[in-house]
Amino acid sequence: MRKRRAKQILTLTLSMTMKITITACVLIGLAGAPYAAEPAKGVTSYAPVAVKEDFAATMARMKAEKAAVMQRQMDLLQERYDLSNRPSSVMMSEGKKAVQDGVRVKLPQGMTWEKLALMSPEEILDKNAWPKGFCPLPHPNHPEGGMVFPKFHIDEIKKQEARDLTRFDLDFDLPDHFLPVFPPPMYLTTRSDLGDVSKGKLVTIMNYYDLFNGILNPKQIEGLRLLVTPFPQQQFNQTEDRRSEQPSRGVTCFDCHVNGLSNGATHLVGDIRPQELRHRLDTPPLRGVNIQRLFGSQRALKSVEDFTEFEQRAAYFDGDPVIATKKGVNILERASQVHFMAEFQALLDFPPAPKLTLYGTLDPKKAPESELRGEQIFNGKAKCSVCHPAPYYTDNLMHNLKAERFFKPQTINGRLASADGPIKTFPLRGIKDSPPYLHDGRLLTLADTVEFFNMIQELKLTEQEKRDLTAFMLAL
């Protein structure tokens with residue numbers, strides 16, 4: 001009797017459980033939750049954890065594909081831009097490299113910038129007249145993605161640390177003359193009297209102590225040590241799905257944010273899915289993070305501590321903590337390590353700008369007429385100061401430029417070019433030191449940037465006004 005009674009209770013319980021489960025699934029499905037009965041096939045937010053292909057086979061296959069992948073990207077760049085080396089007379093900070101001159105985005109056949117500026121967004125869209133160089137720029141291999149470093153940086157890291165940042169499947173794509181000076185100078189808010197505290201060297205784990213002992217306090221030295229210490233990353237690690245020929249110790253924060261600035265290294269943002277919608281990332285400078293209140297182009301993290309911790313836990317691994325666990329995520333301790341790293345980053349200063357007053361405006365006794373006219377245009381007709389007010393030329397907000405008004409959604413080398421959404425307003429102080437421009441690096445020069453915003457805001461600037469505006473930004 002007891003056995004039969006227990007069996008009846010078990011049967012009733014299972015029946016009720018199944019009814020509750022079925023009802024819950026129906027309700028969840030109707031609500032549009034991620035547990036709907038029929039998810040889109042092949043769409044997932046996760047990378048595969050268990051790799052089916054042998055590493056040697058993967059490397060051989062991707063090496064064989066590399067030439068075609070890079071040729072496709074270089075063909076795109078040649079179609080979009082004038083890639084010639086045309087230095088201007090203006091030098092980056094410390095005078096070691098010239099800023100590239102002129103507009104480099106190519107226009108459609110038969111079009112001029114004057115004609116284009118007279119057209120409405122609707123006309124440009126209808127006639128497919130939007131310059132291709134104004135569309136989102138894809139990663140060198142967008143379907144694959146990952147960190148890619150310029151060769152000059154790879155060579156220096158090999159020389160100093162015997163650590164190899166070469167990818168067997170991919171090379172960096174933009175020519176060196178469109179990138180920041182290497183190595184860039186480093187300025188500290190606490191020791192402005194020293195000028196370039198890096199002394200013209202690339203700061204690494206091999207020399208940071210000798211360079212900064214006696215300049216930084218012990219917390220800041222430890223923070224800098226962590227910023228130049230290699231940790232595993234998606235493409236550079238010990239696992240069979242890495243993209244380095246040998247198992248790798250990983251990358252450092254300063255492999256991208258070189259000396260607290262940038263070397264132009266690229267990646268894909270970790271916060272968007274699916275892959276074709278992820279933005280190429282133009283590594284932004286860390287200079288002036290002390291005056292910034294949002295971090296990440298779209299993530300809107302609220303502190304440099306949040307940014308530092310997020311980068312190592314997730315962004316290093318394409319925003320996938322599952323993969324991060326497999327590849328050896330570096331879990332930073334918030335109260336000490338993250339704090340120390342953030343404290344050092346907050347010391348990174350903008351470069352000297354001798355023509356600016358205490359209020360970040362041009363001193364009329366030091367600036368030529370062209371720059372002074374450019375400042376008036378910046379604050380007036382061009383409406384730049386709406387988002388980039390003095391003294392640091394950021395409003396610490398995000399804005400949506402809605403560039404998709406001008407072009408139809410299209411796939412470009414694996415990148416689905418469509419709406420970008422709101423993007424953080426980055427500071428313009430020291431802007432001449434950190435080409436290329438815009439969040440994905442699609443604009444190679446400041447002259448390109450002026451043309452882009454002339455179109456986006458429908459400003460109808462004259463040629464002289466464009467030149468003056470560029471001259472003013474070069475003085476910042």
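**Exercise 1. Determine which residues Arg278 touches, leaving out residues up to four places away in sequence, and describe its surroundings.**

Solution. Step 1: list the partners. Not counting residues up to four places away in sequence, Arg278 touches His142, Leu268, Val269, Gly270, Ile272, Arg273, Asp318 and Arg415. The model is a predicted one.

Step 1: locate the residue. Arg278 lies in the loop that runs between β3 (266-268) and β4 (280-282).

Step 2: The relative accessible area of Arg278 is 2%. Buried means under 20%, so Arg278 is buried.

Step 3: compare sequence and space. Between Arg278 and Lys381 there are 103 residues in sequence and 33 Å in space, taken C-alpha to C-alpha.

**Exercise 2. State whether Pro436 is buried or exposed, and name what it touches.**

Solution. Pro436 belongs to the loop between β8 (423-424) and α13.

Step 1: apply the cut-off. With a relative accessible area of 3%, Pro436 is buried, since the limit for that term is under 20%.

Step 2: name the partners. Leaving out residues up to four places away in sequence, Pro436 touches Leu174, Phe178, Leu179, Asp282, Gly441, Leu443 and Leu444.

Step 3: Thr425 is 11 residues from Pro436 along the chain, and their C-alpha atoms are separated by 15 Å.

**Exercise 3. Describe how helix α9 packs with helix α11.**

Solution. Two packed helices are described by the angle between their axes and the distance between the axes.

Step 1: read them. The axes of α9 (residues 304-313) and α11 (residues 334-345) cross at roughly 115° and come within 9 Å. α9 is therefore roughly perpendicular to α11. Their crossing is right-handed.

Step 2: identify the contact. From α9 come Val304, Glu305, Asp306, Thr308 and Glu309, and from α11 come Arg334, Val338, Met341, Ala342 and Gln345.

Step 3: examine burial in α9. Its buried residues are Val304, Phe307, Thr308, Glu309, Glu311 and Gln312. They pack against α8 (253-256) and α11.

**Exercise 4. Describe how α13 and α14 pack.**

Solution. The axes of α13 and α14 are 10 Å apart, and the packing angle is about 125°. This makes α13 oblique to α14. The crossing of the two helices is right-handed.

Step 1: list the residues that meet. Leu446, Ala447, Val450, Glu451 and Asn454 of α13 face Glu463, Lys466, Leu469, Thr470, Met473 and Leu474 of α14 in contact. This set divides into 6 nonpolar, 2 polar and 3 charged residues.

**Exercise 5. Find which elements give two or more residues to the largest nonpolar core.**

Solution. Step 1: describe the core. It has 61 residues, and those with the most contacts inside it are Leu116, Ile124, Trp130, Phe134, Phe378, Leu469 and Met473.

Step 1: name the contributors. Two or more residues come from each of α2 (55-80), α3 (113-118), α12 (369-379), α13 (446-456) and α14 (463-474). The largest share, 5 residues, is that of α13.

Step 2: follow one member. Apart from neighbours within four places in sequence, Leu116 is in contact with Leu107, Met111, Ile124, Ala129, Pro131 and Met455.

Step 3: note the second core. A separate core of 44 residues includes Leu216, Ile221, Phe254 and Phe317.

Step 4: consider α12. Glu371, Leu372, Gly374, Glu375, Ile377 and Phe378 are the buried residues of α12, and what covers them includes α14.

How values were computed: Residues are numbered from 1 along each chain as its sequence is written. This is a predicted model: local features need pLDDT of at least 70, side-chain atom pairs count only at pLDDT 80 or more; totals for chains, interfaces and linings use all residues. Side-chain values use heavy atoms; hydrogens and water are left out. Axes are lines fitted to C-alpha atoms, for helices over the stretch in contact, and angles run from 0 to 180 degrees between N-to-C directions. Helices (H or I, at least four residues) and strands (E, at least two) are DSSP runs, numbered from the N terminus. Angles under 35 degrees count as roughly parallel, over 145 as roughly antiparallel, 65 to 115 as roughly perpendicular and the rest as oblique. A crossing is left-handed if the near helix is turned anticlockwise from the far one by less than a right angle, and right-handed if clockwise. Contact means heavy atoms within 4.5 Å. A nonpolar core is a set of buried Ala, Val, Leu, Ile, Met, Phe, Trp, Tyr and Cys residues joined through side-chain atoms within 4.5 Å. Buried means under 20% relative accessible area, exposed over 50%, partly exposed in between (1.4 Å probe, protein chains only). Ala, Val, Leu, Ile, Met, Phe, Trp, Tyr, Cys and Pro count as nonpolar, Asp, Glu, Lys and Arg as charged, and the others, Gly among them, as polar.
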